[in-house]
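Trainee: I've got a model open and would like to learn how to read it. Could we go through it together?

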Amino acid sequence: DRLVIIRTMPYSVDEIVQVVNIRAQTESLTIDEDALVLLGEIGANTSLRYAVQLLTPGMILAKTSGRDTITRADVEDIDSLFFDAKSSAKLLVEQADKYIS
């Protein structure tokens, strides 16, 4: 058996913006440029998966507000409601004494 180690580099903010934009187009979502940039920054600080997963609740919030476009404010609101996996795990460890084990 052989093992090959392939070094990978984290995505840049621009690359995350491109991926999120492609995903938004695939899902027929309209998103402001400012919101895309914010999602790119969020993705760079957390993960690409988390940034992409914010698209759906962002669109729901925009439609609830009577708009067809996700704005920066929508992304900020949704980001404040959810935790990415690392933040969630950290919170669980910090508050472990409050849960039944």
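Trainee: Where does Ile60 sit?

Mentor: Helices here are DSSP runs of H or I with at least four residues, strands are runs of E with at least two, and both are numbered from the N terminus. Ile60 has its place in helix α4. One caution: this is a predicted model, in which local features need pLDDT of at least 70 and side-chain atom pairs count only at pLDDT 80 or more, while totals for chains, interfaces and linings use all residues. Residues are numbered from 1 along each chain as its sequence is written, and side-chain values use heavy atoms, with hydrogens and water left out.

Trainee: Is Ile60 buried or exposed?

Mentor: Buried means under 20% relative accessible area, exposed means over 50%, and partly exposed is in between (1.4 Å probe, protein chains only). Ile60 has a relative accessible area of 53%, so it is exposed.

Trainee: What about Asp74, buried or exposed?

Mentor: Asp74 counts as buried because its relative accessibility is 3%. This residue lies in helix α5.

Trainee: Which side chain does Asp74 join through a polar contact?

Mentor: A polar contact is a pair of N or O atoms within 3.5 Å; within protein, one must be able to donate a hydrogen and the other to accept it, and residues adjacent in sequence count only if both atoms are side-chain atoms. For Asp74 the partner is the side chain of Arg67, at 2.7 Å. Plain contact means heavy atoms within 4.5 Å. Not counting residues up to four places away in sequence, Asp74 touches Gly58, Leu61, Ala62, Arg67 and Thr69.

Trainee: Which residues of α5 are buried?

Mentor: Asp74, Val75 and Ile78. To see how they are arranged, look down the axis and take the arc of the directions from the helix axis to the C-beta atoms. The buried residues of α5 fall within an arc of 95°, so they line one face of the helix. They pack against α2, α4 and β2 (69-70).

Trainee: And which residues are buried in α1?

Mentor: Ile16, Val17, Val20 and Ala24. They cover an arc of only 100° around the axis, which puts them on the same side of α1. What covers them includes β1 (30-31), α2, α3 and α4. The face turned away from that buried side carries the exposed residues Asp14, Gln18, Ile22, Gln25 and Thr26. Just after α1, Ser28 takes a positive phi of about 60°.

Trainee: Which residues have the most contacts inside the largest nonpolar core?

Mentor: A nonpolar core is a set of buried Ala, Val, Leu, Ile, Met, Phe, Trp, Tyr and Cys residues joined through side-chain atoms within 4.5 Å. The largest one has 21 residues, and Val20, Ile31, Leu39, Leu55, Ile70 and Val75 have the most contacts inside it. Helices α1 (13-26), α2 (33-45), α3 (48-53), α4 (55-64) and α5 (72-81) each supply at least two residues, and α2 gives the most, with 5. Take Leu55: leaving aside neighbours within four places in sequence, it is in contact with Val20, Arg23, Ala24, Leu29, Ile31, Leu39 and Ile70.

Trainee: How many helices and strands does the chain have?

Mentor: It has 6 helices and 2 strands, and from the N terminus on they run α-β-α-α-α-β-α-α.
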